[in-house]
Amino acid sequence: MELDPVTGLPEVRPGDDIAELVAERADLEAGDVLTVASTIVSKAEGRTADLEEYPVSGRAQEIADRIAEIAGEEKDPRFAQAVLDESAELLIDAPFLLAETRFGHICPNAGIDRSNVPDHDILLLPRKPSESAERIRAGLEERGVEDVAVVVTDTCGRPFRHGQTGVAIGWAGMPASRDWRGEADRDGHELGVTVQSVVDELAAAANLVTGEGAGGVPAVAVRDWAFGDHEGSDELFRAVEDDLVREALREWKFDG
């Protein structure tokens, strides 16, 4: 498998065509997977905002005051309001905000970013990242680049581990997971539960070459990777009724 960063991309502005920007700079082939950082997808879709746009509700003020008390420093209730507005559900409200976005991804602060946002205060995640991926894929096809899957990526932490890794929040042109259930291991034992989240693994692999901070590259072409002869699934985000961790978090309160 090869991972080739798409270099030379300009600062993306609202209305920019990501498919066009990438097609001009990358020699994509059928079967490739293009990973695109949600940062530039959001910028192209005009998902920047200023905190003054968020009138503070009583709930947002309460959250900001509580976290400020825990952290020992002032917190902006307008940011808490932005998180509430971008969330389908707030799972933890102290000592940090853990939210489910409106498209099903669970992450701190509903994925709102305060870095690399020139001229604005915050950057919101794309509203519907899989639709964003499909638009990029269609744009590539219009330019003669066919049969390229697209994965929209973000970085976030994971329970029980330090550090962040790349994850997929949207995809098009390929299943999210490949299903090994019913296949045999090397000893002939039938696999009963293994479903491999390939879009997350591709996002994490791409994140090794995109980098972080000022030197980051927001798009990577993945080549010589094959899904294989497996059943596929688009069930990346666990259903609420099957999520035991979410159920436990709903009952948990921070006592610090």
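Predicted model: local features only at pLDDT ≥ 70, side-chain atom pairs only at ≥ 80, totals over all residues.

I started with D17, which is partly exposed at a relative accessible area of 32%. My cut-offs: buried is under 20% relative accessible area, exposed is over 50%, and partly exposed lies in between (1.4 Å probe, protein chains only). The side chain of D17 meets that of R143 in a salt bridge (3.0 Å, N to O). D17 sits in the loop between β1 and α1 and R143 in the loop between α5 and β8, so the pair ties together parts 126 residues apart in sequence. I read R143 as partly exposed too, with a relative accessible area of 35%. I count a salt bridge when a side-chain nitrogen of Lys or Arg is within 4 Å of a carboxyl oxygen of Asp or Glu. Helices (H or I, at least four residues) and strands (E, at least two) are DSSP runs, numbered from the N terminus.

Residues are numbered from 1 along each chain as its sequence is written, and side-chain values use heavy atoms, with hydrogens and water left out.

By the salt-bridge rule I get 19 of them. Another joins K43 and E11 (2.8 Å, N to O). K43 is in helix α2 and E11 in the loop between β1 (2-5) and α1, so this pair ties together parts 32 residues apart in sequence. K43 counts as buried at 8% relative accessibility, while E11 is partly exposed at 37%.

Next I looked up E100, in strand β5 (residues 98-101). E100 counts as buried, at 13% relative accessibility. A salt-bridge network links E89, E100, D243, R246 and R250. Contact here means heavy atoms within 4.5 Å. Leaving aside neighbours within four places in sequence, E100 has contacts that include E86, H105 and R246.

Then the cores. A nonpolar core is a set of buried Ala, Val, Leu, Ile, Met, Phe, Trp, Tyr and Cys residues joined through side-chain atoms within 4.5 Å. The largest has 27 residues; I18, V22, L28, L34, V36, I136 and L140 touch the most other members. Helix α1 gives the most to this core, with four residues. A second, separate core of 17 residues includes A80, A82, I122 and L124.

Last, the sheet. I found an open, antiparallel one of three strands, ordered β11-β10-β13. Strands pair if DSSP finds at least two bridges between them. R178 has Q196 in β11 as its bridge partner.
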